[in-house]
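Please keep the structure in view while reading.

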Amino acid sequence: MAVVTRRRGVSPFVREDNGPVRPLRNGWTVRRVYDAVKTQVSTIAISLTLFNLVRLPREAFKYGDLQYLIIYSFWLLVLGLPITMLQLTMGQLSQQDPVGVWRAVPILRGIGHLKILTSYLCCVYGMIYAALALAYLIWIGKGSIPLKDCVRLHITPYGYENKMNGSECFNSTFLAPFAEHPQYLGIMAILIFVLWFFVPIMLYRQRKSLTISFLTLCPMILIIALTLITFLSDNKGFFSMLEYCEHWIPLSEPYIWHSALVQALLSTQIVSGYLISAGGTVYSFSDVRWVSTFVIITNVLSGWFWVFFWEFISGNSKKDLGFVTILILIYQSSVSERRGKEWPILAFALVLLSGIISVLSLLFPVYDKLHRLTGDQWRLYASASSAIGTALTVAILATGMNIVALLDELVVPVLAVFTATVEVVGFVYIYGWFYLTIDIQFVTGNRLPSYWIIAWWLTPFVLLGMTGWWLRALLRATWGQGQTLWPLVGVFITMIVVMVIFAAIAVAKEEQFNLISKIASAFRPSRLWGPEEPIARYLWMSQRQANENGADIDTTSDHNNYSHLKSNKSKTYEDNWLTSDKYQRSPQFLTKNGGFDNGNNKEIGPIYAIHTIPRFKDVEREKDEKFRSPNICIARDQLGGQNKCNCNRHFTLNVPDLRNTEVSTSL
């Protein structure tokens, strides 16, 4: 008989009844191939969101294509890679959402809530983009291009010519003020309602539904993109881009550097907390080093591809640099190039599918948190969040696109930089880089190169320095024009209030005797921090204790097998430490008969022995022992414990040599 045991973050291993732990090698089955494909497609899906497909090209058009792409790729490699690695590791280790992961530093729990808020805000104005794409897809499909409401004919020497461009078309139809054209806002409200309530259904089963949705939508986006670029590509736009890039803008200006930095945080989903939730679900059995590398590579390739893609599609059309740049580009290029209506339909469908992927990735950490808070009732609360999101999206659209531009260009960038900075400070400086390296070694099975430590130490200084440079230039420009930045002040006040409120809640929950002790305890990891599975938690704590004592852990031979953790320097973790009466026996060292192994019997049974009652057992004795769990509660007389434990739900696992000789209790 063989008992298969799986630990999060590593591949499965098997323990024979009479043998050591050995890797489970059963070849590449269809199921394993399917799981691997789903994982890789989920990574590719991150690079197909609206952040890459529409926001990145818009920013590149504003500052210069090649210049912007080079700086964007630089930030992805320098800052995006270390922060992605950090978030995936913490998510995979703790199996928590962006809020629950701050059990490591409870006083910074507000950062998790700010990430959830940022993700929700991005989803609110992302719905506007998806609804606009859906509206024009339907209107062009049932009519003709140009639209009847977007025609203003003038007589020219060459005949009649339409003088209304794409930007004016949008402002006179679905982006028109409510007082002038209320019918368009009503149509948009219906479409926004449909998107808010029907797209989240794809997250009905959370991780499983998410991966299946990505597996369906990603090939569709790639097929449409390849079809469009095959039939509509125009080299004139590409050559004009190269000619424009001969006049490089001064790279000493902070705007292009800060914009590319924020774009890197948005493209990799660092700002939303998706990587933390996905680390414990989508990537629970993946190597975080390879996943982080693949996330960065796909985003670099996607960024360059989409900029060139829209340059090819646009042709010689003049580009608008507003919030809906790409939507206007699709419409204007189709009219000026006299294309059939099937081509703009495909292009708007491409943006719509990208918007759906964006909504799914942004709502996934929000729903993950709701599920952990409300249990099986999370879908009801998710419906309530959709109703709130519908109201907010319609309200923002009714007030005009100025608020949308403010959210996208000022509010979200400040939140992105602030949360990323405090996140790195919390884990590297407060939680401690020493324990962080131990955790990563536990997850990956290999020692962490010094490059990552240096990158994490420098990341807060780079983020704050770049943001300070940008704010200084922004304040000078606004004061020179007589403008104020009250929205920026409001964002800072909101961040401080959220941080203080949740820090006070964390301090109040600490079980200490005075305020100073409570505050000091809130800076230390909670007793619930770490892996949730008992075996993984036991091995994790053993490795931490061994490293604290200066022990040398051998993880190079087989990083998937943590059952051989031992030390050559510490007497506590010698091969025969279990025979000592100083420590409590572990359940995995029970014999097959359920008794203690005194060293004479070398046959070790399964990790968890199953408590069974003989068929012909006395009825009275069966009633007495009905709720016994002899293989869960175990203690030694030398520790003052009991030999028998008749507990039903709770159990105690005494791990040797814990910090401050504490006893870890799992409920």
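## The R152–E168 salt bridge

R152 and E168 form a salt bridge, with their closest N and O atoms 3.0 Å apart; the term stands for a side-chain nitrogen of Lys or Arg within 4 Å of a carboxyl oxygen of Asp or Glu. The two residues are 16 apart and link distant parts of the chain: R152 is in the loop between α4 (109-142) and β4 (153-156), and E168 is in helix α5 (residues 166-172). Helices (H or I, at least four residues) and strands (E, at least two) are DSSP runs numbered from the N terminus.

R152 is partly exposed at 35% relative accessibility, and E168 is partly exposed at 33%. Here buried means under 20% relative accessible area, exposed means over 50%, and partly exposed is in between (1.4 Å probe, protein chains only).

## About the model

This is a predicted model, in which local features need pLDDT of at least 70 and side-chain atom pairs count only at pLDDT 80 or more, while totals for chains, interfaces and linings use all residues. Residues are numbered from 1 along each chain as its sequence is written, and side-chain values use heavy atoms, with hydrogens and water left out.

## Other salt bridges

The structure holds 15 salt bridges. One of them joins the side chains of R55 and D408, at 3.2 Å from N to O. R55 lies in helix α2 (residues 50-63) and D408 in helix α15 (residues 401-430), so this pair ties together parts that are 353 residues apart in sequence. Both ends are buried: R55 has a relative accessibility of 8%, and D408 has 2%. Through shared partners, salt bridges join R55, R58, E59, K62, D408 and E409 into one network.

Another salt bridge is formed by the side chains of D35 and R31, at 3.7 Å from N to O. These two residues are four apart in helix α1 (residues 30-46), which means that about one helical turn separates them. D35 is partly exposed at 29%, whereas R31 is exposed at 56%.

Beyond its neighbours within four places in sequence, W456 is in contact (heavy atoms within 4.5 Å) with P82, I83, M85, L86, V424, V428, L436, I440 and L448.

Of these, I83 is 373 residues from W456 along the chain, yet their C-alpha atoms are separated by 7.7 Å. A polar atom of the W456 side chain lies 2.9 Å from the backbone oxygen of P82.

## Two helix pairs

Two packed helices are described by the angle between their axes and the distance between the axes. Axes are lines fitted to C-alpha atoms, for helices over the stretch in contact, and angles run from 0 to 180 degrees between N-to-C directions. Angles under 35 degrees count as roughly parallel, over 145 as roughly antiparallel, 65 to 115 as roughly perpendicular, and the rest as oblique.

The axes of α4 and helix α14 (residues 378-399) come within 9 Å and cross at roughly 60 degrees; the two helices are therefore oblique to each other. Residues making this contact include Y120 and V124 of α4 and S385 and I388 of α14.

α2 packs with helix α9 (residues 254-267) at an angle of about 175 degrees, and their axes are 11 Å apart. The pair is therefore roughly antiparallel. Among the residues that meet are F51, N52 and R55 in α2 and Y255, I256 and S259 in α9.

Definitions and conventions:
A polar contact is a pair of N or O atoms within 3.5 Å; within protein, one must be able to donate a hydrogen and the other to accept it, and residues adjacent in sequence count only if both atoms are side-chain atoms.
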